[in-house]
Amino acid sequence: MSKKGRGFTLIEMLVVLAIMAMLAGAARPLLELTVQRTQEHELRAGLRQIRGALDAYKKAAEAGQIKLSPEDSGYPPTLQALVQGVPDIKSAEGRKLYFLRRLPRDPFAESSLPAAESWATRAADSPPDDPQPGRDVFDVFSRSERRALDGTRYKDW
């Protein structure tokens, strides 16, 4: 073999690079779709966790384990109360009731926001068609205006 017959030509290298660029371009939308699906899964899980903790807080309040004033609704005053805990008035040792180990973040919120501020809240006396924050936390939802893969808005979940 001669020395000229070994190696790749410039044209062959350019063809290989062009093919690799087309494959990478085709894979990018699939990667973006996978990232969005993962964020949607995290959003669903976070909403379930927080809403379950809100319901558990309400049940504990109805069972008389949490001290309430007459104007309280039985829901926590803040999302942080679910993590920080509240005194169990039925406990002789002064135990606290905890409803979450940590507060999940809204995956569509800015990463610089603390977890408690990443969620929008609705008070118990707020109408469902115009949710507003208030004295307590009756429900949480995403602040994101983006649309999900099924076409619904994340803030409507």
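I shall speak about the aromatic ring pairs and then about a surface patch. Please bear in mind that this is a predicted model.

Let me begin with the rings. A pair of aromatic rings is described by the distance of the centres and the angle of the planes. In this model there are 4 aromatic pairs. One of them joins Tyr57 and Phe99: the ring centres are 5.2 Å apart and the planes stand at 55°, so this pair is classed as tilted. Where do the two residues of this pair lie? Tyr57 belongs to helix α1, whereas Phe99 sits in the loop between β2 (96-97) and β3 (119-122), so the contact ties together parts that are 42 residues apart in sequence. Tyr57 and Phe99 are both buried.

I turn now to Tyr154 and Trp157. Their ring centres are also listed at 5.2 Å apart, but with the planes at 70°, and the pair is therefore edge-to-face, the class for angles over 60 degrees. Tyr154 and Trp157 are buried as well.

Finally, the surface. A nonpolar patch is formed there by Leu10, Leu14, Val16, Leu17 and Met20, and together these residues have about 520 Å² of accessible area. Val16, one of the patch residues, is located in helix α1, which spans residues 10-62. Is Val16 buried, partly exposed or exposed? Its relative accessibility is 45%, so Val16 counts as partly exposed, since exposed requires over 50%.

Thank you for your attention.

Key: Residues numbered from 1 in each chain as written. Predicted model: local features only at pLDDT ≥ 70, side-chain atom pairs only at ≥ 80, totals over all residues. Heavy atoms only, no water. Patch = residues over 30% accessible without salt bridge, like charges linked within 9 Å, V, L, I, M, F, W, Y side chains within 5 Å. Areas by Shrake-Rupley, 256 points an atom, 1.4 Å probe, with all protein chains shown as cover. Salt bridge = Lys/Arg side-chain N within 4 Å of Asp/Glu carboxyl O. Helix = DSSP H or I, 4+ residues; strand = E, 2+ residues; numbered from the N terminus. Buried < 20%, exposed > 50% of the residue type's maximum accessible area, 1.4 Å probe, protein only. Phe/Tyr/Trp six-rings, centres within 6.5 Å; stacked < 30°, edge-to-face > 60°.
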